[in-house]
Amino acid sequence: MDALSLYDLNALVRHSIEQCLPDEFWVQAELSDVRTNSTGHCYLEFVQKDLRSNNLIAKARGTVWANVFRLLKPYFEETTGQAFVAGIKVLVQVTVNFHELYGYSLVVQDIDPTYTLGDMARRRKEILKQLEEEGVLTLNKELEIPRLPQHIAIISSPTAAGYGDFCHQLQNNPRGFYFYTELFPALMQGERVEESVLAALDNINARLSEFDVVVIIRGGGATSDLSGFDTYLLAAACAQFPLPIITGIGHERDDTVIDSVAHTRVKTPTAAAGFLTECMNNAADELDLLAGRLQEGVRNLLMHERHKLFAYKNSIPSAAYRRISEAKLALLTAHRDIEQTVTSFLSRHHHRLELLQQRLADASPEKQLARGYSITLKDGKVVKNAKLLRTDDEIVTRLYEGELTSIVNHR
């Protein structure tokens, strides 16, 4: 009998596919692999899973040639705010290709970002619905921001421009309010966003009593890196965190999932600093208002008592009035003596308080650091005795500006 070579058979398959499937098709699929090479071509693997069992029911190789990929990728990421990576669902326009050596594949010609946007919105909605069903969706929002939120735990990348903007805005607030800030470093983009932010939250939770609020700030960076903030584990951790969380991730798009569960969401790190400063402003304004009310109340009370005295004066006989006048003169004299004594006493102690205040300022850690001193820490605790250190211990030396990390060689 006649037999075909493998090449001839594959050529026949290719010819048949070209005849039967000459058109372009829109295909819905999930990306399970995305790779690029030095020439700029992108190689994909499309998959489809069973909705119930999640088992694979279809798979195909895909290719986006370099001339298409350099236009398609930025268009997709700018539109969706989602990186073009494995794990997302896409709607792509493809042609069917069969090669005698490489077999069946799909060549991508175009992509519809709105399909992926819809899938991303659906996933965010499912996460929020799950958190609502678990009864934790609004837990963080129900916490009260402290009246004076001065101790702030920051989750951010230490090199992020947004972190610097936040600290500068906070430290240079118009009314000179004092804020203590501490950075808990985390990755703000890439595949490890969820892992590193969760680790930072765990570190803050171990020192919960030291802070009033948590601020998660990002600032700058591509919007395509925001998908790391749309995960269930991170959203659940933020929703149930025992301190109010403020997010300033720095984007204008729809809220990420952690924006939706956080106590307060602002657009930028600078706005986050402005929010905290405004909290302090409100507290200060309220104190000023109470002080004004107290002063007005005392003034009204004195005026009322003065009127009562005038009324008593008019109702008292002249002889009694003379005795009262003499007693009043004695009281005025005593009042003057007491006033002079109290004034002198307060003056001496005011001067003493000023001296103590100056000593406290001179002894503050910041002042000592500015003079060239440093603080050595091990595991976040101050080292006071070198004998407690061991060889290979890691220590951190905090200077006025910046920190140094060292390893103990000997002691």
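Trainee: What radius of gyration does the protein have, and what would a compact globule give?
Mentor: The protein has 35 Å. A compact globule of 411 residues would be near 22 Å. Bear in mind that this is a predicted model.

Trainee: What box do the C-alpha atoms fill?
Mentor: Roughly 150 × 65 × 35 Å, taken along the principal axes.

Trainee: How is the protein divided into domains?
Mentor: The assignment gives domain 1 (6–115), domain 2 (125–282) and domain 3 (369–408). The centres of domain 1 and domain 3 are 55 Å apart, taken over C-alpha atoms.

Trainee: How many helices and strands are there?
Mentor: The protein has 10 helices and 14 strands.

Trainee: And what share of the residues is buried?
Mentor: 33% of the 411 residues. As for contacts, take those with a separation of 6 or more: 62% of them are between residues 24 or more positions apart.

Trainee: Let's go to the barrel. In what order do its strands run?
Mentor: The order is 1-2-3-5-4, five strands in a closed barrel with mixed pairing. From one strand to the next, the twist averages 55°.

Trainee: What packs on that sheet?
Mentor: Helix 3 (residues 113–133) does. The helix touches strand 1, strand 4 and strand 5 (103–111). Its direction makes about 130° with that of strand 4.

Trainee: How many bridges join strand 1 to strand 4?
Mentor: Seven, and the two strands run antiparallel. Strand 1 covers residues 24–36 and strand 4 covers residues 89–99.

Trainee: Remind me, what holds paired strands together?
Mentor: Strands of a sheet pair through backbone hydrogen bonds, either parallel or antiparallel.

Trainee: New topic. Where is Lys 73?
Mentor: Lys 73 is in helix 2 (residues 66–80).

Trainee: Why does Lys 73 count as partly exposed?
Mentor: Because its relative accessibility is 30%.

Trainee: How far is Lys 73 from Cys 42?
Mentor: Their C-alpha atoms are separated by 9.9 Å. Along the chain, the two are 31 residues apart.

Trainee: And Cys 42 itself, buried or exposed?
Mentor: Buried, because its relative accessibility is 0%.

Trainee: Is Cys 279 buried or exposed?
Mentor: Cys 279 is at 15% relative accessibility, so it counts as buried.

Trainee: Last stop, strand 11. Which bridge partners does Leu 377 have?
Mentor: In strand 13 the partner is Val 396. In strand 12 the partner is Val 382.

Trainee: How many bridges join strand 11 to strand 13?
Mentor: Three, with strand 11 (residues 375–378) and strand 13 (residues 394–398) running antiparallel. Strand 11 also pairs with strand 12 (residues 381–382) over two bridges, in the antiparallel sense.

Trainee: Which residue in the hairpin of strand 11 and strand 12 takes a positive phi?
Mentor: Asp 379, with a phi near 55°. That hairpin has two residues between the strands.

How values were computed. Residues are numbered from 1 along each chain as its sequence is written. This is a predicted model: local features need pLDDT of at least 70, side-chain atom pairs count only at pLDDT 80 or more; totals for chains, interfaces and linings use all residues. Side-chain values use heavy atoms; hydrogens and water are left out. Helices (H or I, at least four residues) and strands (E, at least two) are DSSP runs, numbered from the N terminus. Buried means under 20% relative accessible area, exposed over 50%, partly exposed in between (1.4 Å probe, protein chains only). Two strands pair if DSSP finds at least two bridges between them. Axes are lines fitted to C-alpha atoms, for helices over the stretch in contact, and angles run from 0 to 180 degrees between N-to-C directions. Contact means heavy atoms within 4.5 Å. Domain bounds come from an automatic or database domain assignment. The radius of gyration is taken over C-alpha atoms; the globule rule is 2.2 Å times the number of residues to the power 0.38.
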